[in-house]
Amino acid sequence: MTTTTAATLIAAARDLSTTLSAMRFGTPVSHVYNPLDYAWAIHEGYLRRYAAGRKRVVFIGMNPGPFGMAQTGVPFGEIDAVRDWLGLAGPVGKPAVENPKRPVEGFDCARSEVSGRRLWGLFRERFGTAEAFFAEHFVANYCPLAFFDGGRNVTPDKLAAAESAPLLAACDAHLRRLIDTLAPEWVIGVGAWAESRATAALDGRRLRIGRVLHPSPASPAANRGWSEAAGRQLAELGVW
C-alpha cells in the first residue's frame, strides 16, 4: 500500500505537468513556471518520501510562491524548511523562459518564502519531526503553476475565464485523484480560495472540508500571529 500510494501520486503529478505544460496564457501573464518540470527531481523525492500511505488530513494550497515551490518544487517550499526539516535538496533546473525579475536559483535562492516559513514552522513546532507530521498529514498545491506579470505574482483566480476553465478542470481532476489515493478524513484549504476549489472539486465525496487563514504576509490577520490563529482554527474544527 505504502509504495503504491506514492507511486500513484508520482504518476498523477507527471500527468498533470504534461497537461498543464501545453496550456498558454495571455495578458496579464508574462511568464509561467512549472516546477513539476524543471524541479521534478525534488518534487518526486517529496512524494516518494512523504506521500506514503493513507493520510488523515490533507492541506491544499493555491499555487507556488516565487521563493517557495517555484524554487524547490515542494508546496510552500521555503528553502530552509525543505532542506533542513524535510531533508530534501539537490539541483534544480530552469524554466524554458525565465523571468529576469524572478530568476530560479533553486536552493541557492537567498529570499525566504514567508508563507512557507510560517506553515512548515507551525508543523515543526507541533510535531517536532517531519516524519511525525507526515504520518497522518500531507501538503499539496491545487495548481502547480506559478504566474507572473513581470515582477508581480498573478494568482490563478486572476486569470481570464477562457484560460482558467481548462486549468481548473485539470487541477480539479488531479485533486480528486490525490484525495481518492490518500483517502483522508479532512481536506483543509490554506485560504478561502483553496477551500472553495476543494469544495467544488470534491463534491459528493465523504469528506470534511475546512480552512485555515492563509499565511501570506499580505494578510494583516496572518501578520498578527498566524501560527496561533491557524492552530486555533484547526482545534476548533476538531482536526487537532
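Which residues is Trp 120 in contact with, leaving aside its neighbours within four places in sequence? I looked this up first. Trp 120 touches Tyr 46, Pro 75, Phe 76, Gly 77, Ala 81, Trp 85, Leu 86, Phe 133, Phe 134 and Val 139. Contact here means heavy atoms within 4.5 Å.

**Ground rules.** I note that this is a predicted model, where local features need pLDDT of at least 70, side-chain atom pairs count only at pLDDT 80 or more, and totals for chains, interfaces and linings use all residues. Residues are numbered from 1 along each chain as its sequence is written, and side-chain values use heavy atoms, with hydrogens and water left out.

**Cores.** I looked for nonpolar cores, sets of buried Ala, Val, Leu, Ile, Met, Phe, Trp, Tyr and Cys residues joined through side-chain atoms within 4.5 Å. Buried means under 20% relative accessible area, with a 1.4 Å probe and protein chains only. The largest core holds 73 residues. Tyr 46, Leu 86, Trp 120 and Phe 138 have the most contacts inside it. Helix H8 (residues 161–182) gives the most to this core, eight residues. Helices are DSSP runs of H or I, at least four residues; strands are runs of E, at least two; both are numbered from the N terminus. Another core lies apart, with seven residues, including Tyr 38 and Phe 148.

**Cavity.** On a 1 Å grid over the protein atoms alone, a cavity is a set of points where a 1.4 Å probe fits but cannot get out; a pocket is an open set with protein on both sides within 12 Å along at least five of seven lines; lining residues have an atom within 4 Å of a point. The search finds one cavity of 30 Å³ or more. The largest cavity has about 160 Å³ of space. A volume is the space filled by probe spheres set on the points, which are joined across faces, edges and corners. Its lining has 15 residues, and Ala 13, His 43, Ala 140, Asn 141 and His 174 lie nearest the centre. Strand S3 gives the largest share, four residues.

The largest pocket has a volume of about 500 Å³. It is lined by 27 residues, with Ser 115, Asn 153, Thr 155, His 214 and Ser 216 closest to its centre. Helix H9 supplies the largest share of that lining, three residues. The second largest pocket holds about 350 Å³.

**Ser 17.** Is Ser 17 buried or exposed? I found it buried, because its relative accessibility is 9%. Ser 17 sits in helix H1.

Note on methods. Buried means under 20% relative accessible area, exposed over 50%, partly exposed in between (1.4 Å probe, protein chains only).
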